2 protein chains.
Amino acid sequence: MKARVYVTLKPSVFDPQGKTITDALQSIGYAGVEDVRQGKYFELELATTTPEATRSMAADIADKLLANPVIESYRVEVV
Amino acid sequence: MKARVYVTLKPSVFDPQGKTITDALQSIGYAGVEDVRQGKYFELELATTTPEATRSMAADIADKLLANPVIESYRVEVV
């Protein structure tokens, strides 16, 4: 089954990449852009058969390899 | 309003980063991982007032700056 994992910096962590994108957008005329935060997105194709098993395996993988729990948080979505 | 933009490589484009993650996961014991594709994820805070305006501005920004339309596709979600 397929799972999607979204990894984002925790709100308290400064995001210089997002800040650069915000500045770039404002400089090319998008004055309405107030803030941008960049994260990572993963599509996992897993050999699991139930949504529960898929979610638990994806969360396990996110914890161990995809996200750094000190500064990042993640969200898992089973499709 | 807030918009989320998900940028992924088109299915026909090879994703070496995803392949590396797949291999890494299999080597640490996750044999059930068949495929991983990595993408980018953006949270935009826009000074718009309607969902339609938010979606159209986010799509415009994704087209111009966040995604490379030659090899990537994107999806916009208004929250």
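A:Y6 and B:Y41 are both buried, where buried means under 20% relative accessible area, exposed over 50% and partly exposed in between (1.4 Å probe, protein chains only). This is a predicted model, in which local features need pLDDT of at least 70, side-chain atom pairs count only at pLDDT 80 or more, and totals for chains, interfaces and linings use all residues. Residues are numbered from 1 along each chain as its sequence is written, chains are lettered from A and ligands numbered from 1 in the order in which they are written, and side-chain values use heavy atoms, with hydrogens and water left out. Ring pairs link A:Y6, A:Y41, B:Y6 and B:Y41 into a cluster.

**Aromatic pairs**

- Over all chains, the structure holds five aromatic pairs. Rings of Phe, Tyr and Trp (its six-membered ring) pair if their centres lie within 6.5 Å; planes under 30 degrees apart count as stacked, over 60 as edge-to-face and the rest as tilted.
- A:Y6 and A:Y41 are stacked, because their ring centres are 5.3 Å apart and their planes stand at 20°.
- That pair links distant parts of the chain, 35 residues apart: A:Y6 is in strand β1 (residues 2–9) of chain A and A:Y41 in strand β2 (residues 33–46) of chain A. Helices (H or I, at least four residues) and strands (E, at least two) are DSSP runs, numbered from the N terminus.
- Both A:Y6 and A:Y41 are buried.
- A:Y6 also pairs with B:Y41; the centres are 5.6 Å apart and the planes at 50°, so this pair is tilted.

- Six strands form an open sheet with antiparallel pairing, in the order β3(A)-β1(A)-β2(A)-β2(B)-β1(B)-β3(B). Two strands pair if DSSP finds at least two bridges between them.
- At the edges stand β3 (72–78) of chain A and β3 (72–78) of chain B; each has a single partner strand, so one side of each is left without a neighbour in the sheet.
- From one strand to the next, the twist averages 25°. Axes are lines fitted to C-alpha atoms, for helices over the stretch in contact, and angles run from 0 to 180 degrees between N-to-C directions.
- β1(A) is mostly covered, with seven of its eight residues buried.
- Six bridges pair β1(A) with β2(A) in the antiparallel sense. Here A:Y6 stands opposite A:Y41 in β2(A).
- β1(A) is also joined to β3(A) by seven bridges, and the two run antiparallel. A:R4 has A:E77 in β3(A) as its bridge partner.
- In chain B, six bridges join strand β1 (residues 2–9) to β2(B), again antiparallel. The bridge partner of B:R4 in β2(B) is B:E43.

**Helices**

- Helix α1 (residues 16–27) of chain A lies across β2 of chain A and β2 of chain B, at about 125° to β2(A).
- Helix α2 (residues 51–66) of chain A lies across β1, β2 and β3 of chain A together with β2 of chain B; it runs at about 155° to β3(A).
- The axes of α1(A) and helix α2 (residues 51–66) of chain B come within 12 Å and cross at roughly 105°.
- α1(A) and α2(B) are therefore roughly perpendicular to each other. Angles under 35 degrees count as roughly parallel, over 145 as roughly antiparallel, 65 to 115 as roughly perpendicular and the rest as oblique.
- A:I21, A:A24 and A:L25 in α1(A) meet B:I61, B:L65 and B:L66 in α2(B). Contact means heavy atoms within 4.5 Å.
- This contact has six nonpolar, no polar and no charged residues. Ala, Val, Leu, Ile, Met, Phe, Trp, Tyr, Cys and Pro count as nonpolar, Asp, Glu, Lys and Arg as charged, and the others, Gly among them, as polar.

**Two residues of strand β2 in chain A**

- A:G39 lies in strand β2 of chain A. A:G39 is buried at 7% relative accessible area.
- Leaving aside neighbours within four places in sequence, A:G39 is in contact with A:V7, B:K40 and B:Y41.
- A:G39 and A:S73 are 34 residues apart in sequence and 9.8 Å apart in space, C-alpha to C-alpha.
- A:V33 lies in strand β2 of chain A. With 0% relative accessibility, A:V33 counts as buried.
- Beyond neighbours within four places in sequence, A:V33 is in contact with residues of both chains, including A:T22, A:L25, B:M57 and B:I61.
- A:V33 and A:T54 are 21 residues apart in sequence and 36 Å apart in space, C-alpha to C-alpha.
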